[in-house]
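The questions below ask on what grounds each label in this structure rests. Each answer sets a value against the cut-off that decides the matter.

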Amino acid sequence: MEVRSLFLKSINNIHSGDGFPTAVLCHSISNHIFKDLCNTSRSWNRGKLQLHFDQSSIDRIVQIPLSTATTCDRRAWDLSGDGCFTTKSAYDAMRGMHPHNIDDLCKAFWKEKLPHRVELFILKCAKNAIPVKEILRKRMNLGDNLCPKCHLKPETIMHTLVTCPHLRFWLGLGPPTNNRDLNEHFPLVACTMWAIWRGRNDLIYNNKLQPPQLTIKTAISMIPPHRHLPNATSVLRSLTQPQTPNWSPPRSGRMKINTDGAWDNNLNLGGLGIVARDSAGLFHYAAALSINVCSAEEAEVRAIWIAVKKARDWKITSLEVESDALFVV
């Protein structure tokens, strides 16, 4: 076996810090064979290596363990189980997904003992195999690909299960801060995603909008009883407790911008804030600014002026501005 072929292919078994195979620099060695670079004791001959490789390459070459058996050498790809190169294994390596890490993830996944329908759904999500509109649009002619709940953005898997404005209860679960929290949260997250998908289908096929309380209750009922539910009870309590509405939506087709201003008499500094929402209560824009004003009333007026200016920039023709400053309004 020629050395050039051996080292340009087999040396890829040595990995760099990011987990992806690293190439080795070699010079003109096409007339040599592999055994010429080894001693009779089946160790690397550094003297001969120095004739054909630079020092950084030699340092990586000598890390390759040599078999004590006198069998023929073969080329092997370290990122696949059978040693054969595949495009998928190279793609996974570029994404930082080593086969051993995937195996550990699969073992931890099946160890959770979740309902089979939830397990199957999560696996389909990981494979981009659930029929959201963005995926179906690539296979058939659809009228539109917008989310059936918010009608604002394309219905992708991430939008449907996580980022849709109608899924604000995700914020109450709190992000995991370490691996232990991640393991504790996973059953609740997996079951909640399945409950969201079930509610989405109920909206499309039965025209029933599932309230967030029912989504959380459905998710909790599917979690194994021996698992601890971090934050789930408090989130459900906050969703089921009646709350006094403190914001009224504008008329249909209008945009509402709420404004507020404040002034510090000691520092002689002011600040203002604006929030824009539509008739469905969906968030569109927010801003907070520090300004130089001489009174609280001036800060309130400046906030209203900024709101009207933004509406003009957005070309909004029907607008409501709401402020808590009775004296100014």
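Q: What makes Val132, Lys133, Glu134, Asn145, Leu146, Cys147, Pro148, Thr160 and Arg200 contacts of Glu155?

A: In this predicted model, Glu155 touches each of these residues, neighbours up to four places away in sequence being left out of the list, and a contact requires heavy atoms within 4.5 Å. Glu155 itself lies in the loop between helix H7 (133–136) and helix H8 (157–163).

Q: Why is Glu155 called buried?

A: The label applies to residues under 20% relative accessible area, and Glu155 has 0% relative accessibility, so Glu155 counts as buried.

Q: What makes the pairing of the Glu155 and Arg200 side chains a polar contact?

A: The side chains of Glu155 and Arg200 are joined at 2.8 Å, and the limit for a pair of N or O atoms is 3.5 Å; the pair is therefore a polar contact.

Q: Why do Cys84 and Cys164 receive the labels they do for accessibility?

A: Cys164 has 4% relative accessibility and therefore counts as buried, the cut-off being under 20%. Cys84, at 42%, is partly exposed, because that label covers values between the 20% limit for buried and the 50% limit for exposed.

Q: What makes S3 and S4 the edge strands of the sheet?

A: The open sheet has four strands in the order S3-S2-S1-S4, and strand S3 (283–291) and strand S4 (319–323) each pair on one side only. Neighbouring strands of this sheet are turned against each other by 15 degrees on average, direction ignored.

Q: Why is the pairing in this sheet called mixed?

A: S1 and S2 pair in the antiparallel sense over 10 bridges, and strand S2 (residues 269–278) pairs with S3 in that sense over eight bridges, whereas S1 and S4 pair in the parallel sense over five bridges. Because two strands count as paired with at least two bridges, these pairings qualify, and the sheet has mixed pairing. Individual partners include Thr259 with Ile274 in S2, Gly271 opposite Ser290 in S3, and Lys256 opposite Glu320 in S4.

Q: What makes the phi values of Asn207 and Lys315 worth noting?

A: Most residues other than glycine have a negative phi. Asn207, however, has a positive phi near 55 degrees, and Lys315 has one of about 60 degrees although it is not a glycine. Asn207 is placed in the loop between H10 and H11, and Lys315 in the loop between H13 and S4. Asn268, in the hairpin of S1 and S2 with its four residues between the strands, also takes a positive phi, near 60 degrees.

Q: Why are Asn207 and Lys315 called exposed?

A: The label requires over 50% relative accessible area; Asn207 is at 66% and therefore counts as exposed, and Lys315 is exposed because its value is 71%.

Note on methods: Residues numbered from 1 in each chain as written. Predicted model: local features only at pLDDT ≥ 70, side-chain atom pairs only at ≥ 80, totals over all residues. Heavy atoms only, no water. Helix = DSSP H or I, 4+ residues; strand = E, 2+ residues; numbered from the N terminus. Buried < 20%, exposed > 50% of the residue type's maximum accessible area, 1.4 Å probe, protein only. Polar contact = N/O pair within 3.5 Å; in protein donor to acceptor, adjacent residues only side chain to side chain. Axes fitted to C-alpha atoms, helices over the stretch in contact; angles between N-to-C directions.
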